[in-house]
There are 2 protein chains.
Amino acid sequence: MPANIPATTTVKPTAQSTTKSTAKSAAKSVANPPKVTIEVVAKRAGVSKGLVSFALNNRPGVAPETRVRILQVAKELGWKPSLRARSLSTQRSYALGLVIARNPDVLASDPFFPSFIAGVESILAPEGRALVLSVVPDEETELKTYRSLVADGRVDGVFLSDLRHGDPRIPLLAELGLPAVTLGRPDGPSPFPAVTVDDTPGVMASVAHLATLGHRRIAHVAGSSTLLHGSRRRAAFAAALREAGLPEGQTVETDFSVGAGSDATRRLLTQDTPPTAIVYANDPMAIAGLGMAHELGVRVPDDLSITGYDDIDFCRYVYPPLTTVSAAPMAWGRAAASTLLALMENGSADDVDLPAARLVVRGSTAPPHG
Amino acid sequence: MPANIPATTTVKPTAQSTTKSTAKSAAKSVANPPKVTIEVVAKRAGVSKGLVSFALNNRPGVAPETRVRILQVAKELGWKPSLRARSLSTQRSYALGLVIARNPDVLASDPFFPSFIAGVESILAPEGRALVLSVVPDEETELKTYRSLVADGRVDGVFLSDLRHGDPRIPLLAELGLPAVTLGRPDGPSPFPAVTVDDTPGVMASVAHLATLGHRRIAHVAGSSTLLHGSRRRAAFAAALREAGLPEGQTVETDFSVGAGSDATRRLLTQDTPPTAIVYANDPMAIAGLGMAHELGVRVPDDLSITGYDDIDFCRYVYPPLTTVSAAPMAWGRAAASTLLALMENGSADDVDLPAARLVVRGSTAPPHG
DNA sequence: TAGAAAGACTATACCGGTTTAGTTTCCCCC
DNA sequence: GGGGGAAACTAAACCGGTATAGTCTTTCTA
């Protein structure tokens, strides 16, 4: 039953022809194995349940032979301590949380999270931890979600992705006392360890690559500047231009969505003096840009060079294949998970800097014709 | 702490240069609010805790005025029943599970799950349920994951996606007594309700559309035939050809991945008599096919028409925009979640048939040039 | 008007672990 | 050989709810 339901109309037996009946009843009543609890193990081993608990948790004060015997009995009986009981007494849930606040469209076209999550899982699963995922539509709901995750004790720690400027989640989580790991370094003070893949070098390398090819009018289709990585990539873009001795480039801000990337591209290319190269803040937008270029009859890479960011699978298979920057979301997930576990175990954890994202040159970049 | 940890060093300050310190200590010690439990509410309302529980759960046997008073007190004190305690005594977790067994690459390029999950969440969140997500690399791990989800009591029910022929998960879950909902109708007997978006009409419509345009050599890049929707779309393709009075078409089986889609396309197009149209089993492969066509100098849609399946965001923005079949993963997620909740509440739930996927005609299909 | 039945509520067992406060036993040492 | 202390273990409280059995009124019934 839901938390405290006024009208539990949740589900009323639709009186229709219900050929289906749940598997529960059938299956559960058959075997009905005599639940083995810590009590049973204790009795069988001839000790108190407290001692079984001690033995299980490797605590001092248990004679070596006794410990062995207890564990032996536990194994024989196939006993696994009840997560629920343990949760109640330890006040922990043995689960970690990830809250994603994104427009479903943007989320859907962005392959970051599936890979990231796969990485996270590869660490959590062997540790017996679960991942609780929330996908919420807006920031307000997001904060509420964190509050209720804590209130319900659903998770022992969370991953903080898509950092924003002056991110309100950081003080919130600090106040709630919920351990967290940030994906990237926040711009303000933070009590949490950061696991970072520096994206600046990758973006700068993209620009440098284009400059070396001879491009002088390079534009940037940036992501949302409220997002830290959005504005950071934008800053890296600007810095790289300066470094290359090029004039300031045009920048169009978007929300990272495919549609916005397409629109931005149209705007850039339909000017009197369009850029000869565009650096996109992510791959989906770059791919949309490629489509738009085709539509406008602008040839890539002959008339226009483009670069993306993320190196999603698609990049290799669009035509021409996309020059992009390769982050490693799966490794990122692994590192973030390890760090969060360490933080929870030790009460502190060091920041982790993963290898910076690298430029991968493919066919979408070439010297400008002129 | 892991399941059974050697040293219960829960939280010791690692003596390293720890500029970070966990937020826990700091935050928690400040306020330290005197935990409000059911006991406190009971005392304050001058009743027993049992009665508070009854009032909360809308059970008979509580005088109306008393109920009101209790709930009033509960609200004043800001009491929310402890999920953990409740879990222990009700033997439920108030969470639902989704286990995804996919190659991370395939998963990453497939926007189905993010959208589906967003739909699921929109139903679960208001009900106070959480979603536990597992991403596993292979089938063996997948089955193990279900077992341990049940053993740990992590979830009260699960979503079964990517149905396979003679899917082993169905008997397993039945045996485990875990309520489930299948996404689509399984091919064997199943005790579980199915929530279905029929994909056959969409695929048939694609073929019909191509046939109407005048195509006679239509090929199919199919998904894995171990997957039900893979082989079903393939069957629909074949049926549609027959219905249109066309000869059997070439079919290449893939694993649904972008790379495989690309390879399959190359193989098809480099034959002596290549097809004039290709029906892809999903959009990512179609997009890869588009790229390959470009690479081979095959113009779309002039020399080759292509169609996809799913109507992912990209379709509108590649060039030419992709004719595809629009499923509605978010609505699917909502329906699946509602059905699973209903099943758990009532012990049974009816199958749900969502509106069949529809063909969306865009620029990637045109009459074959003669 | 006794007696049964219903209604409101309490006391308490229970879920299955962890943890603290004792208790026993054994050993060491002066 | 008696006191001190550590080691090994037990008993019971505790986490915070739910559920069951039972108590005490009040009301309906025969």
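A cavity, on a 1 Å grid over the protein atoms alone, is a set of points where a 1.4 Å probe fits but cannot get out, and its lining residues have an atom within 4 Å of a point. Grid points are joined across faces, edges and corners, and a volume is the space filled by probe spheres set on the points. The model shown is predicted, so that local features need pLDDT of at least 70 and side-chain atom pairs count only at pLDDT 80 or more, while totals for chains, interfaces and linings use all residues. Residues are numbered from 1 along each chain as its sequence is written, chains are lettered from A and ligands numbered from 1 in the order in which they are written, and side-chain values use heavy atoms, with hydrogens and water left out.

**Figure 1. The largest cavity.** About 280 Å³ of space lies in the largest cavity, and 19 residues line it, those closest to its centre being S87(A), S93(A), R154(A), S93(B) and R154(B). The structure holds four cavities of 30 Å³ or more. Helices (H or I, at least four residues) and strands (E, at least two) are DSSP runs, numbered from the N terminus. In these terms, α5 of chain A, α5 of chain B and β2 (130-136) of chain B each supply at least two residues of the lining of the largest cavity. Seven of the lining residues are nonpolar, six are polar and six are charged, where Ala, Val, Leu, Ile, Met, Phe, Trp, Tyr, Cys and Pro count as nonpolar, Asp, Glu, Lys and Arg as charged, and the others, Gly among them, as polar.

**Figure 2. The second largest cavity.** The volume of the second largest cavity is about 140 Å³. Of the 14 residues that line it, P114(A), I117(A), L133(A), P114(B) and I117(B) lie nearest its centre. At least two lining residues come from each of α7 (112-124) and β2 (130-136) of chain A and from each of α7 (112-124) and β2 of chain B. By class, the lining of the second largest cavity has 14 nonpolar residues, with no polar and no charged residues.

**Figure 3. The protein surface near DNA strand C.** DNA strand C is surrounded by 29 residues, of which the closest are K35(A), I38(A), S53(A), R59(A) and T66(B); a residue is near a strand if one of its heavy atoms lies within 4 Å of it. Of the atoms of DNA strand C that come within 4 Å of the protein, sugar and phosphate account for 63%. The helix α5(A) gives the most to this surface, with five residues, and the surface divides into 11 nonpolar, 13 polar and five charged residues. A polar side-chain atom of S53(A) lies 2.5 Å from a phosphate oxygen of DNA strand C, and for R59(A) the corresponding distance to a phosphate oxygen is 2.7 Å.

**Figure 4. Strand β5 of chain B and its neighbours.** Strand β5 (residues 194-197) of chain B is covered on both faces, with A194(B) and T196(B) buried on one side and V195(B) and V197(B) buried on the other; buried means under 20% relative accessible area, with a 1.4 Å probe and protein chains only. Strand β4 (residues 180-183) of chain B pairs with β5(B) in the parallel sense over two bridges, two strands being paired if DSSP finds at least two bridges between them. Within this pairing, T182(B) has A194(B) as its bridge partner. Strand β11 (residues 352-354) of chain B also pairs with β5(B) in the parallel sense, over three bridges, and here V195(B) is partnered by V352(B).

**Figure 5. The side chain of H215(B).** H215(B) sits in the loop between α10 (200-213) and β6 (218-222) of chain B, and it counts as buried because its relative accessibility is 2%. Its side chain makes a polar contact, that is, a pair of N or O atoms within 3.5 Å in which, within protein, one must be able to donate a hydrogen and the other to accept it, and residues adjacent in sequence count only if both atoms are side-chain atoms. The partners are the side chain of T276(B), at 2.6 Å, and the side chain of S305(B), at 3.1 Å.

Key
On a 1 Å grid over the protein atoms alone, a cavity is a set of points where a 1.4 Å probe fits but cannot get out, and a pocket is an open set with protein on both sides within 12 Å along at least five of seven lines; lining residues have an atom within 4 Å of a point. Buried means under 20% relative accessible area, exposed over 50%, partly exposed in between (1.4 Å probe, protein chains only).
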